[in-house]
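The sequence and the three-dimensional view are shown first.

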Amino acid sequence: MEFSLKDHILPLHHVGFIVKDIDRSLAFYTEKLGFEFYSRWTEPVEEVESGMCVPGASLELAQVTGYGCMLEFIRFATGEGSEEKFLSNHIGTGHVSFLVKDLPAVMEHLKSVGVEFCSEPVVLPNSSWVMFYDPDGIRVEIMEFYRNKGFEDR
């Protein structure tokens with residue numbers, strides 16, 4: 001039988017982000033966005049050097065779960081990187097997106113808990129979306145599809 005990658009890759013496990021302050025990230029995602037704390041640990045140089053390809057690096061990590069996904073926050077305890085912010089069109093820059101019901105109501109709630117949006121909502125015939133940044137500049141999108149068109153139809 002021929003090898004099929006589709007028989008071996010399982011569903012997405014987590015999405016990881018490099019952050020400056022684990023406590024700040026945990027507070028933002030649990031207190032403002034409603035995620036639940038899952039786990040926190042450290043990884044020593046011996047593991048990180050080979051796995052992350054950063055000589056002399058050690059990590060502190062934490063995970064949160066919610067909305068059908070797991071997010072992982074990674075802080076380099078040694079071998080720290082740059083805090084340079086990237087524009088949305090910087091190659092390699094990504095974002096995480098969540099589907100919502102009633103985008104204006106969700107935006108109103110997030111604003112009430114201190115989330116600052118970086119744009120006004122983009123309103124299209126079948127959907128609307130808007131972006132905000134987490135404390136480390138990670139782009140978070142929330143989007144709503146209308147008339148059951150969009151994600152379910154892919």
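The structure is a predicted model. In it, four strands build an open sheet of mixed pairing, arranged in the order β5-β8-β7-β6. The edge positions belong to β5 (95–99) and β6 (122–123); each has a single partner strand, so one side of each lacks a neighbour in the sheet.

β5 runs parallel to β8, with five bridges between the two strands, and Phe-98 has Ile-142 of β8 as its bridge partner. β8 is in turn joined to β7 by seven bridges in the antiparallel sense; here Phe-132 stands opposite Val-140 in β8. Val-123 is found opposite Ser-128 of β7.

β7 and β8 also form a hairpin with five residues between the strands, and in this hairpin Gly-137 adopts a positive phi near 85°. As for cover, β8 is mostly shielded, since six of its seven residues are buried.

## Nonpolar core

The largest nonpolar core contains 25 residues. Those with the most contacts inside this core are Tyr-29, Leu-71, Phe-73, Phe-117, Phe-132 and Ile-142. At least two residues of the core come from each of α1, β3, β4, β5, α3 (103–112), β7 and β8. The largest share is that of α1, which supplies four residues.

Phe-132 faces Val-140 in β8, while Ile-142 is the partner of Phe-98.

## Salt bridges

The model contains four salt bridges. One of them joins Arg-40 to Asp-23, with the closest N and O atoms 2.7 Å apart. Arg-40 belongs to strand β2 (residues 36–43) and Asp-23 to helix α1 (residues 22–32), so this pair ties together parts 17 residues apart in sequence. Both residues are partly exposed: Arg-40 has a relative accessibility of 36%, and Asp-23 has one of 48%.

Another salt bridge connects Arg-24 with Asp-136, at an N to O distance of 2.7 Å. This pair links distant parts of the chain, as Arg-24 lies in helix α1 and Asp-136 in the loop between β7 and β8 (139–145), 112 residues away. Arg-24 is partly exposed at 34% relative accessibility, whereas Asp-136 is buried at 15%. A further bridge is formed by Arg-75 and Glu-60, whose closest N and O atoms are 3.0 Å apart. Because Arg-75 is in strand β4 (residues 69–78) and Glu-60 in strand β3 (residues 58–66), the pair ties together parts that are 15 residues apart in sequence. Arg-75 is partly exposed, with a relative accessible area of 23%; Glu-60 is buried, at 14%. A network of salt bridges links Asp-23, Arg-40, Glu-60 and Arg-75.

## Start of the chain

A nonpolar patch on the surface is made up of Phe-3, Leu-5 and Ile-9, which together have about 350 Å² of accessible area. Ile-9 is located in the segment before β1 (15–18) and is exposed, its relative accessible area being 57%.

Glu-2 also belongs to the segment before β1. This residue is exposed, at 70% relative accessibility. Glu-2 and Pro-44 are 42 residues apart along the chain, and their C-alpha atoms are separated by 39 Å.

## Cysteines

How many disulfides are found in the whole structure? The search finds zero. For Cys-69, the closest cysteine sulfur is that of Cys-118, and the distance of 19 Å is too far for a bond. Cys-69 is partly exposed, with a relative accessibility of 24%. Cys-53, by comparison, is exposed, at 63% relative accessible area.

Terms used
Residues are numbered from 1 along each chain as its sequence is written. This is a predicted model: local features need pLDDT of at least 70, side-chain atom pairs count only at pLDDT 80 or more; totals for chains, interfaces and linings use all residues. Side-chain values use heavy atoms; hydrogens and water are left out. Patches are made of residues with over 30% relative accessible area and no salt bridge: like charges are joined within 9 Å, nonpolar side chains (Val, Leu, Ile, Met, Phe, Trp, Tyr) within 5 Å. Accessible areas come from the Shrake-Rupley method with a 1.4 Å probe; for residues, only the protein chains shown count as cover. A salt bridge is a side-chain nitrogen of Lys or Arg within 4 Å of a carboxyl oxygen of Asp or Glu. Buried means under 20% relative accessible area, exposed over 50%, partly exposed in between (1.4 Å probe, protein chains only). A disulfide is a pair of cysteine sulfur atoms within 2.5 Å. Two strands pair if DSSP finds at least two bridges between them. A nonpolar core is a set of buried Ala, Val, Leu, Ile, Met, Phe, Trp, Tyr and Cys residues joined through side-chain atoms within 4.5 Å.
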